[in-house]
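This report goes through a multi-chain model, taking the chain interfaces before single residues. Please keep the sequence and the structure open while reading.

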Amino acid sequence: MPASTLDVRGLSAGYGPTIVLEDLSFAVRAGERLGILGRNGMGKTTLLSSIMGLTRHYGGAIALNGEDISSFRGSERARRGVGLVPQTRDIFRSLTVEENLLAGIKDRPRNVIQEAYEMFPRLNERRRNLGWQLSGGEQQMLSTARAILGRPSVLLLDEPLEGLAPVICDELMAAFTRLASSGDMTILLVEQRLEAALAFADNVLILERGRVVWKGSSAELRADDRLIENYIGVGTLH
Amino acid sequence: MKTLPATGGQVLRDVVGVVAIAALGVAGYFLFPDNLALLTRLIALALLALSLDLVVGYCGIATLGHAVLFGAGAYAAGIACVNGMTEPLTLIAIGAIAGAGAGLVMGTIMLRAHGLAQLVLSIAIVQLFHEAANKASAYTGGSDGLAGLSVGPLFGVFEFDLWGRTAYLLGLVLLVVVFIGLKFIVASPFGMLCRGIKEDPIRIRAMGAFVAPNLLKMFVISGFVAGIGGALAAISTQVVGLDSISFELSANALVMLVLGGIGTLYGAIVGTIIFMGFEHIVSAINPFHWMTMVGVLLIAVVIAAPQGVSGLFDRLWSPAGRGGRS
Amino acid sequence: DTIKIGIIGPFSGPFALQGKNFQAGVEAFMALNGKSVKGHDVEIIYRDLPAANPAQSRALAQELVVKDKVQYLGGVYFTPDAMAITPLLKQANTPLVIFNAATSAIMNTSPLVVRTSFTTAQTTTPLGKVAFDRGIKKVISVVSDYGPGVDAEVAFKKAFEAAGGQVVEAVRMPLNTNDFSPIMQRIRDSKADAVFAFLPSGPTTLGFVKAYNDTGVRQAGVKFLAPGDLTQESDLPALGDGAVGLLTSFHYAVSHDSPENKTFVEAAAKAIGSPEQLSFPSVGAYDGMHVIYKMIEATDGKQDAEKAVNAVKGLTWTSPRGPVGIDPETRHLTQNIYLREVAKDAAGKSYNKEIQTFANQKDPGLAAP
Amino acid sequence: MQTVFSIAIDALAYGMALFIICIGLSLTMGLMRVVNLAHGAFAMIAGYIASYAVRDLGIGYVVAILLAIAGTVAISIPLERLLYRRIYGSPQLTQVLMTIGITFCVIGITNYFFGPTLKTIPLPAALSQPVDLGFRSVAAHRLFVMACGAVVALGLWFFIEKTAFGIRLRATVDNASISEALGIRTQAVYTISFAIAMGLAAFGGVVGAEFLPIEPYYALRYMVTFLVVVSVGGAGSIPGALIACLVLGAVDTTGRYLMPEFGNFFFYAAVIAIVWVFPRGLLGKAQ
Amino acid sequence: MNGVFQVDNLSKAFGGLTVSRDISITMKEGARLALIGPNGAGKTTFVNLVTGQLRPDSGTILLGGENVTRLGSVRRVRKGLVRTFQVTRLFSDMTPEEHVTLTVLQREGRASRILSRFFNDSAVAGEVESLLDALGLLEVARRKVGEIAYGQQRLLEIAIALALKPRVLLLDEPAAGVPQSETPRIEQALERLPPSLAVLMIEHDMDLVFRFARHVVVLAAGEIIFEGLPAEVAANSKVREAYLGSYANARQHA
Ligand SMILES: Nc1ncnc2c1ncn2[C@@H]1O[C@H](COP(=O)(O)OP(=O)(O)OP(=O)(O)O)[C@@H](O)[C@H]1O
Ligand SMILES: Nc1ncnc2c1ncn2[C@@H]1O[C@H](COP(=O)(O)OP(=O)(O)OP(=O)(O)O)[C@@H](O)[C@H]1O
Ligand SMILES: [Mg+2]
Ligand SMILES: [Mg+2]
């Protein structure tokens, strides 16, 4: 079994003076698909941002392939293989679709953006449009495509299905599964739709008030309605 | 059904604020009896800063041409005075009306544009007015200034003399009255609407309210206030110069306002006091280097108190106020 | 006891050099004539007024009188600033000695004003006749569009046309013009023999003279006439060779050849730091101090503005610029005006060389009712 | 006809000089979103360096330009680190306050060290001669300025729109934290862009010194002109700035020829007219 | 009767891209219509056209029988055509109470008054309170909007829209960004809407759509490809292919 790709130990982080995450630990091995669940405002987004290096770090270590990256700026982490699809999409509103993609390729050759167009033909049609002109769902696609083009070894997905048509959701989840199972991408997924999350993830982490309150496999969670009711607040699965 | 408790704390705070301003003014009268001309000028500029705050702080329209409104008031009062209208309160009224008129013109033009282009329109307008005042030297005295204002005594009793007591007290009363008036305006539905427009005009439209007419209305009110300031300056100085309708004055007013903190009426007054006081003290100590000093002051304020000085007070007042939600 | 004198001038801002010259003149005078008059110590209080701003001017004057208890006011660079002060004088019982502000009308606003500088009309008028005598028949006048500029245009036109010449065109350009090529084109198109120019001294004069040289107007034979503001000594180094040969008329040149001026220049240069920065406002200030000292003498240190002013009416003395006197009627300075040409001295430095003197000129602006 | 041509030449040269100075400001305002009112102060610093190099050290004109650019950039980088970095993303008015403060300081310091008088930058013989264009002789320097303007416009346009760095710059400005997450070193991007803007200011300050003479109040005197030109063009737009400079330069120059007494009037009337028709500036982007 | 709201042959293109092509929709009083379709189909654009943020290239919009195509967005709101935004647009420095009070005053034409106090009318205060209560916002009524949870902000959007007493309400993804556990709040709010109000909702959350809608319109590439009852949607092969994907299967099994 390979050593863990990402190893988070005793992480505390937050915004300005506010500490949101407290003493949080978990590990992910290469190629693993980890689902992160939890109610609204429990710190899921904050966790992904902290791994990316966009929040204020208060303590603890984040090891990527054995190297502690917790003191690095976001750009250095990105160059070492962390990639993020943020909840708020955060596409570059004043850049064209194509330029958005080019901004994400790091030092790879320009023509790799064809990969993105194959994945989302819709983006190809809109390649000369400015970011702000895109529809909500198109922005979501662009954000995802941009992150994937950077070839991250650890991909952080924050509610990537939000605002997408059901059919696109299916395709996208399938694509994520392919990327992970090809073995060279580790994926952390935050998702509100329990079904989609459980179908995708091998293992699940439940957050409450900035702490990990449950860890286990998706199968275990799926079997335990009471747990779901307690921590996630949605009624039982149909 | 649960009910909300009644509001009331705000009113008390406003009363305290107004009393504080009046007290400060009276204290100034007794503490600096020899500097009343300077203090009167300070009041006139505080009126300009207040008027600017209405537009910048409450409507979100940046302007570097606000002296147009001030200058309109000053010249209107000055020209009226030279032509035999010497009753001071009438002159103030004339200035206010002229300022409001200038506000209408300026607002109409400026509201056409957005963002930087709008800022630039304001500069262009003030330069054009400046040029016009210079050209119309038959009425304005051009670059020599409009001199020879002999203002009659206030209520027929109190002369505008060398010591400037009458002018100062008149100015102080005007300031307090205007301040109270503005407090009412910013707390009115209209004031709230303007705050909304500042944050998101599209949202306001979706609420079914027009944006431009309301902004224009605020411009007119702002002009009224600035016009009072201009008229006060004209009456107390008895000369109106081209500087009262210049870009420099507009820029200074904006600097004072930002220094004090925009969007609170207190900020306008605090900023004026700090800027004028600093300038006065430093230029008396070392006239050759005051510019560098003022520069350092501005940089220091941005670093120490990005919200303006009154923002700093707010922060000190309630340390948990800003970042403390957890 | 100590007698305080309040001096208002531009000690910072774009005109700071002029303010420095005020200060140099004052300090030179006190260095040469002592810091007390008849046992009354003299103290100077400087107040900064960077640009024309009448309201500020009035506030400063009021503060000087009321708070600092000055007996005399002096200085003042800009006309509107002077206009804001004069209404105060009577009540303040304080004379104002103007070191610079050059509009004729100031003198009419209060009987307590005395002026030791010049007016634009005064320095310009002799130029009209000189021009005609030198064979110039047609002139285009180009002035900055503000008070003194218009005064200069009017005065020159009057004098020149009285002598028989013709002003073919009169152009007024905005104060902040930077690029003078279009103006030069216009000068050439006017086919005039010479250009009469007036701009306030500073960056623009330099640009103007440069454009005059660079765009070929000079090569085309168009002569250059101007009051001395355009070839102010402090600008000459920057103007370089381009200035040589320019004809100007003025009341004072730093190079004026007289023992009084030598002493003055030495003392003033010491006060200002570097002699290149010395120019005409210093002599206005120097003579202003002379007048104030006379006033102190006459009143024996008592505050009596009317007596003080009366005492200097008709006063004559030899100033660094030559013989001068206070006209008892206008309280303005009667003085010599010199025609000068920019030339190079032995060391290769440019200076204003006086080539003709017009003695005892009054202010024509005030002479006419 | 001849007059028309010579006015056109003058207008073009003046417009181009304005363009070179202003384009750096357009970059900082449009792309970095910093209203840098101290822009002219840096152009002025460059002017002083060049003047000192040519007049006091006897260095050649071209070398002096390079020296001035290098010197200005060297001065600007610590300022970026210490001061400008704090106002990236602040409200515009805060930026105005800070950069006016910087301008005041620069003016005060220059005044103290170099005195209030004008500094010229003598041109080399090749540039100071008139060149005969057939209908009129034009100072060679004017042609030089026009050429410089064209080179700057094209080079900068290519740099911003077509290179990877240009994309990174625009991305950083649009959303700095996400740019970080994509591996863009935003601090370096900001520093480099700021340095480029200052380098352009420096270049413009030196070659434009014939039009806008170097003296301590330069920074304040032309602040409004620069701000106006950039905003009329639409901040951040190179073609916009170019058109604005040429149009306003032409209006200004023609106005000064035909009716000098109204020169300023035409300039600002044109500004109002343009903004009336293009409420976001000539090529300003709607958001 | 033609219905309270009628759109005829609405078309709009951005450059070469046609975003709306001959769209016609009619809504009667009390209608509950869901507008769904793939990303970039033109749903938000449709709302923008109808409410006046964008100008249509052709077509007419009738509100209560009156042609409002040429009216500005503000006038349409005043005539009762009200929308919410896909991404909340609120004033982060103001409280929910202030938002709703301002809206009510505006509806009554009193929002531009200078000479009255903002909070001194008890009738207005009562209405505001009951609105906030209805949406469960009383708790946070006096907190700055920037500090309250996103789900509550979405509810406030709806509260503002309701305060305008609309005749036609257009909801653009009201549940977007609201966690699944909070959507019931929105549903409850929707259930309590006045029965005579015509409501159009855009949403990608199909569970919500099917619980809410009595009529469904599917838009794809700017064209209406399906119109009918919710029960029929999942069965339509075009809609399945273009939009629903596996959801259709899930639904048919459920
Ligand atoms: N910029 C911020 N400044 C201060 N506090 C914040 C900020 N962003 C989020 N928080 C707080 O941090 C906590 C965790 O928020 P986070 O966004 O990580 O939650 P989440 O689990 O992602 O919720 P959601 O399901 O709504 O996306 C919340 O209490 C929130 O109020
Ligand atoms: N101003 C514009 N200029 C050019 N194209 C635009 C503009 N606005 C929208 N579009 C394009 O029009 C199409 C329709 O956009 P719209 O926002 O209406 O989609 P939508 O149906 O709401 O999609 P979603 O479900 O993803 O929100 C999109 O492809 C979008 O890129
Ligand atoms: Mg989240
Ligand atoms: Mg949409």
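## Basis

The model is predicted, so local features need pLDDT of at least 70 and side-chain atom pairs count only at pLDDT 80 or more, while totals for chains, interfaces and linings use all residues. Residues are numbered from 1 along each chain as its sequence is written, chains are lettered from A and ligands numbered from 1 in the order in which they are written, and side-chain values use heavy atoms, with hydrogens and water left out.

## Which chains touch

Contact means heavy atoms within 4.5 Å. There are 7 pairs of chains in contact, and chains B and E share the most contacts. Chain A and chain C have no contact, and their closest C-alpha atoms lie 37 Å apart. Chain C and chain E do not touch either, with 34 Å between their nearest C-alpha atoms.

## Chain B with chain E

The contact involves 32 residues of chain B and 41 residues of chain E. Buried area is the accessible area (1.4 Å probe) that two parts lose on being put together, summed over both. Between chain B and chain E it is about 3,500 Å², and carbon and sulfur atoms give 61% of this.

A salt bridge is a side-chain nitrogen of Lys or Arg within 4 Å of a carboxyl oxygen of Asp or Glu. The count between chain B and chain E is 2, and one of the salt bridges pairs Asp200(B) with Arg89(E), the closest N and O atoms being 2.7 Å apart. There are also 12 residue pairs in polar contact across this interface, both at pLDDT 80 or more. A polar contact is a pair of N or O atoms within 3.5 Å; within protein, one must be able to donate a hydrogen and the other to accept it, and residues adjacent in sequence count only if both atoms are side-chain atoms.

On the side of chain B that touches chain E, at least two residues each come from helix H7 (165-187), helix H8 (189-199), helix H9 (201-206) and helix H10 (212-237) of chain B. Helices (H or I, at least four residues) and strands (E, at least two) are DSSP runs, numbered from the N terminus. H8(B) gives the most to this side, with 7 residues. The residues of this side divide into 18 nonpolar, 6 polar and 8 charged. Here Ala, Val, Leu, Ile, Met, Phe, Trp, Tyr, Cys and Pro count as nonpolar, Asp, Glu, Lys and Arg as charged, and the others, Gly among them, as polar.

## Chain E with chain A

Chain E gives 21 residues to this contact and chain A gives 22 residues. The buried area is about 1,600 Å², with 50% from carbon and sulfur atoms. The rule finds 0 salt bridges between chain E and chain A, but 6 residue pairs in polar contact, both at pLDDT 80 or more. Helix H9 (237-244) and helix H10 (246-253) of chain E are the elements that give two or more residues to the side of chain E that touches chain A. The largest share, 4 residues, comes from H9(E). This side of chain E has 10 nonpolar, 9 polar and 2 charged residues.

## Salt bridges

Over all chains, the count comes to 37 salt bridges. Within chain A, Glu138(A) and Arg122(A) form one at 2.7 Å, N to O. The pair links helix H6 (residues 136-149), which holds Glu138(A), to helix H5 (residues 121-125), which holds Arg122(A), at a separation of 16 residues. Buried means under 20% relative accessible area, exposed over 50%, and partly exposed in between (1.4 Å probe, protein chains only). Glu138(A) is buried because its relative accessibility is 2%, whereas Arg122(A) is partly exposed at 21%.

Lys210(C) and Glu210(D) form a salt bridge at 3.6 Å, N to O. Lys210(C) lies in helix H7 (residues 203-214) of chain C and Glu210(D) in the loop between helix H9 (186-207) and helix H10 (218-221) of chain D, so the pair joins two chains.

## Two arginines

Arg47(C) is in strand S3 (residues 40-48) of chain C and is buried at 10% relative accessibility. Its side chain makes a polar contact of 3.2 Å with that of Asp68(C).

Arg154(E) lies in helix H5 (residues 150-163) of chain E. Arg154(E) is buried without a salt bridge, and the nearest side chain of opposite charge, Glu157(E), is 5.6 Å away. For such charges, Lys and Arg count as positive and Asp and Glu as negative; His and the chain ends are not counted.
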